[in-house]
Structures are given as structure tokens and as C-alpha cells.
There are 2 protein chains.
Amino acid sequence: MDEKTKSKQASASPSLQERPTLKTIAFMTGLGITTVSRALKDAPDIGAETKERVRLVAKQVGYQPNRAGVRLRTGKTNVISLVLSLEEEVMGLTSPIVVGISEVLASTPYHLVITPYGFSKDALAPVRYVLDTGAADGVIISRTEPKDPRVELMMERNFPFATHGRTDMGLIHPYHDFDNEGFAYEAVRRLAELGRKRIVLLQPPPHLTFHRHMRKGFDEGIRDFGVEAVAFGAVDLDNSLTEIRAAFETLMRSDDAPDGIVSGSGAGSIALIAGLEAVGKKLTQHVDMVSKVPSDFLSWLRPEVITMNEDIRHAGRELAKAVIGRIAGLPAEELQSLSRAI
Amino acid sequence: MDEKTKSKQASASPSLQERPTLKTIAFMTGLGITTVSRALKDAPDIGAETKERVRLVAKQVGYQPNRAGVRLRTGKTNVISLVLSLEEEVMGLTSPIVVGISEVLASTPYHLVITPYGFSKDALAPVRYVLDTGAADGVIISRTEPKDPRVELMMERNFPFATHGRTDMGLIHPYHDFDNEGFAYEAVRRLAELGRKRIVLLQPPPHLTFHRHMRKGFDEGIRDFGVEAVAFGAVDLDNSLTEIRAAFETLMRSDDAPDGIVSGSGAGSIALIAGLEAVGKKLTQHVDMVSKVPSDFLSWLRPEVITMNEDIRHAGRELAKAVIGRIAGLPAEELQSLSRAI
DNA sequence: TCAAAAATCTGTAACGATACAGTTCGCTTG
DNA sequence: CAAGCGAACTGTATCGTTACAGATTTTTGA
């Protein structure tokens, strides 16, 4: 055979110092770059023994595909983007979500990229960015709304994503959600059992979907257990803890003071307790309180509070599995999950 | 001029539907791809008017360089990697750090990638990964040790990074740290002023650098203010809250019970308080406590605790600025910062 | 006036991977 | 026995960008 015709692809012997590429393996095995590429992909037109050899050498030299090369050629980024509101940063729910996602991604080729959006800025912007620049293969969003334009946009473009929280648009998409309805209903039940009659709810802001769920559970509890709901002005979980505290102090001083509290967040509960105690009232004595909490530190300092645990790390895991499933082409119906308090 | 010689580069008119590339702009301006590339980089060999035109068109069509293209060609990833221990996840210090970093990166081309390492696994592995695969342009690490092999490795390879916490190897590198020595010294001073005589310290695990700092400040305080240090067994901040609580309960029941506490973390403080109260003792009455805290929720539930605030979000910002500075070639000396309690 | 220098602009190759369209060769089959 | 087939392998072009080495035109200088 004419030497000149032999393998132009892998001609220049690749430095063994550098990071190995397909070329390196091609050179070492005497095969063409294409063959190596296809062998590592287990393509049907490559001989079994060749595949074995290639795999062996690849493993030996510690070959890892160059992400930029793959991305440029195929468009696949191997990136999952977690879209975060920088102000969501009340009491760090972000950490456990990130950890949960990371746990799942660790055994995949995916990297986790944080895509933040600024204070009070358009939540659609980061999603648009990812879609327009192809910055990721999939997206995870939170603070989901009933008619969520981000969901609409990604569905329209058929882009894989998962939401923390549900929507209400008749669109089927992957999500993970906490059963806030069940939580609130159960919370009211507990308070009613303790003989409480006038219950207040510290709820999520009205534009978020889980406001509805929590409200629904709360209202049904109010009705089913024959107690009364006390309104809590315009204050919700998006207010600062200082504002919540002040508002609750005012409420507790008024004639309208409740004797039972349902709190949708652990951080909010702290503000409520501070407000409560500022007016000289005591838990279990004057009021009872049920709080959703991310961890159990609250019960260490105020064991009087009835806590219901939301496992946010688990949510992170579920969300990661859902996006990856969607990327793999699984139907959205199978990628929806709901978790209850533990 | 012969039509055939004209611009082979931008020959195929790029679809105006797709994401614009240099080719798109080249076609629209009638220039070569190279010229457009150099114009956007403000290279000296491109005419002023040409640059203006190119910039205008680029802005008009919303050109954004393809990251994979740049990365493949130049090796620049435009990625900062935050290396996280998944078990660091006690009380979510991660959130504010991530937010702080994101705030700074938002106005740069950098993306933030989370690179986790598993439970009790080798902390060097993720750093090695980034270095070997060129996954990022810079790295941020925490849980820094006096002789930190990660720092050693990155210095040796001359790879840009910043550490949360200092080292003690005679190597000069970018860092941000909290003044734990000052904190502990001041804490002891406060307790001594309150008449406390027997002080215990809930400290970081011995292998982390800030253990030394905190210990130094504590020991000097003990000496300077003429009080006594109470040992706290083998329990440190890396123990679970349950363990800390149990250990402290034991300590408080012993003859060796302290009357003053310095706590190196807000989460740890909660465990200590729980342990304290489990044996029927009360803050300010039987003991006083000074705690470093990431936010002020602790003082809402236990105003008796003297808190000193560590601004972790600020740390995130400083760390991000430091890595970027290092990437830009600034000397490490100028990228070191220390912050005090606020 | 004419060569040299300066100012602008451009084509080619390469980064690493893969889609696609072959090529080679041994074997079957009519 | 030649055409045809399938198995196994490979070269070329391409993704978007930039380094580099020209190319072309204009300006300068003697």
C-alpha cells in the first residue's frame, strides 16, 4: 500500500503532553479520527474488536471529549441552567436546591450553570438569553406563575425545562412541586384541633401559582373545620422580614388579632414570632402556629411551633431528573412530581 | 474587479432567521469575516469608520459571539467555576455566596458554573478536573486549609483562582476572608466585660485555616482579659447540629460548664442554645453568648445573643472580583481582602 | 517620480468533533 | 465469473472564531 495514501487525518503525531483528543487515539490505534469517534459512540458500522481497542486506549489516556468541539459541531452544550432571582435570596432556599441538582448531575455529563436575573428585572430575560444563545440544553425555573410567559415561550420553542411549581395554562410540562394545598389544609386542621378559631395565613405573593394552592388548602380548611380566616393586609412572603414583622405586630395589636397562624415559610415564621412576642404574646398560650420549614432549626428555638418539613434538596433532585428526562425525550406527563411534608 | 475573486469568506448569504454570526455581519457590511472580527475587537489595523459601521450592524442584529467558537479557537471559556462541597450545606451559606458572585459576573461575559464534590470525597478532584479539561478560566474555592493542595496545584499551573479563606504556605494568592481572629478576640472581650469567666469556643474543624485564626483571637482574648478557656471536646462546626447539641448538653451538665460561649456559626449557635436550654439554663442568666451570624434572624428569636454579622454576599462579590482580576493579570497582592463583622 | 512605508482589508488554516458521502475488500449469488 | 452486497473503515466539509501571513491601496519621503 502506498504510504502516502495512508491516514492523512491523523498524520501529525499529537503531542502526548497535551490533553488527548480523538486525534491522539487515532494515532495510537492507527485508525482514522472518524472511526475513533464512531467507535466511542458504539456506532453499528464499527467492528466489535475495534471498538474494544478504541475504548481501551481512550480509557488509558483518559480521553474526555472537548466540550467546545462537541458544542460547536452539534449544538449540544451539556449544560443545565438554573435560572435564579437574586432577590429570591430570603433565607437561602437556593443552597439545598443547588445541592440537590448537583447530586443528580454529578453522574451525568451535565454541568450546572447559574443564570441570575436582577432585582425586579424581567424574569423572561434570562430564559430568552438561554434560548437565543443556546447557552444550555435545559432550564430549571422557579417562582412559577399560573400563566407563566417563560413556560409559554419554552413550550413554543420546544425547549426542555422543568419548573419548581406548577402552572395553570392547560400546558403539560415537567415540574416538581410541594403540596402546598395539603400543607395549608393540614395546618388549619391542626390549629382547629387545638381549639384555635381565628386563623391568619402568611402566604406567597398572589402572582405565584403556589399562592393559589396554599390559599385553596387554607380556605377549605377554614370551611371544613369551622374556623375563621383573619386577613393579613397586603403583606406576603415577598415582603422583607422587617415588613412582615411590623405588619404582624400591628395585626396582633388590633381587635382583629388571630389566635392561630399558618406560615408558608420558615423565614417568615421568624418574623411573625418576633412580631408576636414584641406585643407580649406567647406561642401555645395566646396563639398556635404551624410553619412550613426547610430544616428543623426553628423547632430548636421555638419547639412550640408545629413544623412541617419541605425537603428542598429532594426538589432539586426531582427537578434535575425531570429536565434530563425531557432532554432524553421522555413525555412530560411522566416528569411531574409532587411531594408532601415530611 | 473580477467578481469571482470577491469575498469567498462571506459568499453564502447567511439566513437572517438564525442567530447572527460574524458571517452575517460580514455579509451585511460587505466586509470579510476577519475584518468584522477584528473590528469588533477594536484592532488597530481597522479603519475608524469601518469599526463604526460594524459595531452598528452588530448591535442592530444583536450579535453575540458564539461561546463554543471562541472557546474552541482560543481556549477561553468565559466561565468561573465555584467549587462546592455538597456537605458544606449546613445552614446554606452557599446561597449568599452564589448571589454575590452572580451580581459581579452579571456585568461581565462570565458564566458561573457550580462544580461540586461529593460527600467526604477528595477536594482536589474537582480542581483537577477543571484544570485538566480547561472547564473554566478561573476557580473559587472555600474551606481553605493552611497547606492547601488545591492552592498549590493551581499556583503551580499558574491558574487563576481565589480562595474563601487564607492559606499559610508562603504563597501569595487572591483571597477573601473574614477576620475571624478579630471576631473571636472581640467576642471574648464582650463576655469578659459581662463578667463571664469561663469561656467555651465552638470552632471550625482544625484542618481549616480559619480554625487557627479564630483560635488565635480567642486565646489572646482569654489571656488579655484574664478569663479561662473551657475545652469543648472534639466537637466542631463540621459536626452535625445534633451532635453539637448533644455534646454541649453534656458539657453543660458537667462540672466544667462554661458561663460564656463564643460560636463560630449561626447554625451552630442554634444547636448550642438548644443544648443549653435542654439542661434548664438560660441566656444572660447563666451564660452569655456571642455568635457570628450570616443574617440577623437569630437575634429575632434570641435577642439575648450578642451577634456579629458576617456579610457572605459581600464575600461572594469580593471573590468574584478577585478571580476576574487575576484572570486580567492583576498581581495577587492587590486581590486580597479581609472583612470585619458589621 | 517612484520606491518604501503605512493603512486597511482579506483568505487560509486551525481549534475538536461529527454528519455525510464515499472507499475498500472479501463474499455471495445468479 | 462478474455484478452486487454488506461490513468496516475513512476523507472532507463544517460548526464560529481568531492567528497569521499576505494583498491592495494610499500616503510619504527623497
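The model is predicted. Twelve strands make up an open sheet with mixed pairing.

**The sheet**
- The strand order is β11(A)-β5(A)-β4(A)-β3(A)-β1(A)-β2(A)-β2(B)-β1(B)-β3(B)-β4(B)-β5(B)-β11(B).
- β11 of chain A and β11 (336–339) of chain B are the edge strands, each pairing on one side only.
- On average, neighbouring strands are turned by 20° against each other, direction ignored.
- In chain B, strands β1 (residues 79–85) and β3 (residues 138–141) pair in the parallel sense over three bridges, and Ser81(B) stands opposite Val139(B) of β3(B).

**Helices on the sheet**
- Helix α5 (residues 94–105) of chain A lies across β1, β2, β3 and β4 of chain A together with β2 of chain B, and runs at about 150° to β2(A).
- Helix α6 (residues 124–133) of chain A touches β1, β2 and β3 of chain A together with β2 of chain B, its direction making about 135° with that of β2(A).

**Ser337(A)**
- Ser337(A) is in strand β11 of chain A and counts as buried because its relative accessibility is 18%, under the 20% cut-off.
- Beyond four places in sequence, Ser337(A) touches Tyr175(A), His176(A), Asp177(A) and Glu318(A).
- The C-alpha atoms of Ser337(A) and Tyr175(A) are separated by 6.4 Å, although the residues are 162 apart along the chain.

**Helices α1 and α2 of chain B**
- α1 (residues 22–29) and α2 (residues 33–40) of chain B pack with axes 8 Å apart at an angle of about 105°, and are therefore roughly perpendicular.
- Contact residues include Leu22(B) and Ile25(B) of α1(B) and Val36(B) and Leu40(B) of α2(B).
- The residues of this contact comprise six nonpolar, two polar and one charged.

Key:
Residues numbered from 1 in each chain as written. Chains lettered and ligands numbered in written order. Predicted model: local features only at pLDDT ≥ 70, side-chain atom pairs only at ≥ 80, totals over all residues. Heavy atoms only, no water. Axes fitted to C-alpha atoms, helices over the stretch in contact; angles between N-to-C directions. Helix = DSSP H or I, 4+ residues; strand = E, 2+ residues; numbered from the N terminus. Parallel < 35°, antiparallel > 145°, perpendicular 65-115°, else oblique. Contact = heavy atoms within 4.5 Å. Nonpolar A, V, L, I, M, F, W, Y, C, P; charged D, E, K, R; others polar. Buried < 20%, exposed > 50% of the residue type's maximum accessible area, 1.4 Å probe, protein only. Pairing = 2+ DSSP bridges.
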